[in-house]
Amino acid sequence: MSVVMEPVFLTVEETAGVLRISRTRVFDLIRTNRLRSRKFGRLRRIPVSAIREFARDQEDRR
């Protein structure tokens, strides 16, 4: 039996795809503290929970 785990962190590119925005826009959101991220060495990763929070915040702004 194999266990399939959902990802906890996504790359900037994956996040851009999920949100349907550009990589540059993802980096802008990170830089302006609208989207949380973590660095693992030289790698930037975005928690899936942060993407969900960002999406909820966008819904609340409407």
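Author: Threonine 11 stands opposite arginine 45 in strand S3. Strands here are DSSP E runs of at least two residues, and helices are H or I runs of at least four, both numbered from the N terminus. Strand S1 (residues 9-11) and S3 (residues 43-47) run antiparallel and are joined by 3 bridges; two strands pair if DSSP finds at least two bridges between them. This is a predicted model, in which local features need pLDDT of at least 70 and side-chain atom pairs count only at pLDDT 80 or more, while totals for chains, interfaces and linings use all residues. Residues are numbered from 1 along each chain as its sequence is written, and side-chain values use heavy atoms, with hydrogens and water left out.

The backbone oxygen of threonine 11 is reached by the side chain of threonine 15 at 2.9 Å. Threonine 15 lies in helix H1 (residues 12-19). Threonine 15 is buried, with a relative accessible area of 0%; buried means under 20%, exposed over 50% and partly exposed in between, using a 1.4 Å probe and protein chains only. Leaving aside residues up to four places away in sequence, threonine 15 touches Leu10, Val26, Leu35, Ile46 and Ile51, where contact means heavy atoms within 4.5 Å.

Thr15 also belongs to a helix contact: Val12, Glu13, Thr15 and Ala16 in H1 meet Arg23, Val26 and Phe27 in H2.

On the strand side, S3 also has S2 (residues 38-40) as an antiparallel partner, joined by 3 bridges. Phenylalanine 40 stands opposite leucine 43 in S3.

Methods
A polar contact is a pair of N or O atoms within 3.5 Å; within protein, one must be able to donate a hydrogen and the other to accept it, and residues adjacent in sequence count only if both atoms are side-chain atoms.
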